[in-house]
Amino acid sequence: MKNAFREIYAGFFEKEHFWPRLVATVVAVIVMGFCLSWLLLVDWGTDPCTLMNNSISQTLGISLGNWQALLNTVLLVVVVIFGGRNLGFGTLANMYLVGYSIDFFMWIWGQVLPEGLFDSWVVKVLVMVPALVIFVFAVAVYVDMNMGTSPYDAMPMIVSQRLPKVPFKVVRMGYDALVTVIGMLFGGSLGVVTFVMVLALGPVIEWVSKLLSKKWDFSEI
């Protein structure tokens, strides 16, 4: 068992472009947290996962980072038990860095931004648009680095494997819808940003993949 683990461990580090991909993954998830902190201030919606986690953390009276870390740890155990694959450093980065990055940047904004800044819809639009664009691009980079799937994203894959007659996109849409409803039940608000993310993530991920493939060959990763 130990020898097998060592072989997997060594093979993982020997993959081509490992260190650039690792750095890109870590930067991408921190940028995701940075953008989500702005989207939370705008209060016009976020991705379903953050919507749910933020609402539950506020209800429980704990930080978003702590709640997200706890939930992701539980989900990771479930994923491992049910044979989830594609786990790696990207899994850990997404599990912990996104939530704590949001907490950190929200604390920074609370110190430096004037009170009532986001009462103006003009300010909200000016902040929302670049934050949303950068967030979607960061998610695309994170996915395309192929360093591991987050427990949140692995769950619908596991469900889909056990429902072979149901298309994965249907399972994923139902999963995101359920998570969104849970978030709303805990006081979260559904905004236009959530709908934009659902529509934009897929095409942008595909576009970024083609863009990066021109510089790096991921065919053997």
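User: Which residues are buried in helix 3?
Analyst: This is a predicted model. In helix 3, the buried residues are P48, C49, T50, L51, M52, N53, N54, S55, I56 and S57. The helix is thus mostly covered, with ten of its 13 residues buried.

User: And what span should helix 3 have?
Analyst: Helix 3 covers residues 48-60, and at 1.5 Å a residue its 13 residues should span 18 Å.

User: Let us step back. How many helices and strands does the protein have?
Analyst: The protein has nine helices and zero strands. Of its 221 residues, 41% are buried. As for contacts with a separation of 6 or more, 78% are between residues 24 or more positions apart.

User: Where is confidence lowest, and where is it highest?
Analyst: The lowest confidence is in helix 1 (residues 2-13), with a mean pLDDT of 43, and the highest is in helix 5 (residues 89-112), at 95. Over residues 1-12 the pLDDT is below 50, and beyond near neighbours in sequence this stretch has three contacts in the model. The protein as a whole averages a pLDDT of 84, and 83% of the residues score at least 70.

User: New topic: how many aromatic pairs are there?
Analyst: The structure holds ten aromatic pairs. One of them joins W38 and F118; this pair is tilted, with 6.3 Å centre to centre and 50° between the planes. The pair links distant parts of the chain, as W38 lies in helix 2 (residues 18-42) and F118 in the loop between helix 5 and helix 6, 80 residues apart.

User: Are W38 and F118 buried or exposed?
Analyst: Both W38 and F118 are buried. Another aromatic pair, F104 and F105, is edge-to-face, at 5.3 Å centre to centre and 70° between the planes.

User: Why does F104 count as partly exposed?
Analyst: F104 counts as partly exposed because its relative accessibility is 47%, whereas buried means under 20% and exposed over 50%. F105, at 15% relative accessibility, therefore counts as buried.

User: Which residues do the ring pairs link into a cluster?
Analyst: The cluster consists of F34, W38, F104, F105, W109 and F118, linked by ring pairs.

Methods
Residues numbered from 1 in each chain as written. Predicted model: local features only at pLDDT ≥ 70, side-chain atom pairs only at ≥ 80, totals over all residues. Heavy atoms only, no water. pLDDT = per-residue confidence, 0-100. Helix = DSSP H or I, 4+ residues; strand = E, 2+ residues; numbered from the N terminus. Contact = heavy atoms within 4.5 Å. Expected span 1.5 Å × (residues − 1). Buried < 20%, exposed > 50% of the residue type's maximum accessible area, 1.4 Å probe, protein only. Phe/Tyr/Trp six-rings, centres within 6.5 Å; stacked < 30°, edge-to-face > 60°.
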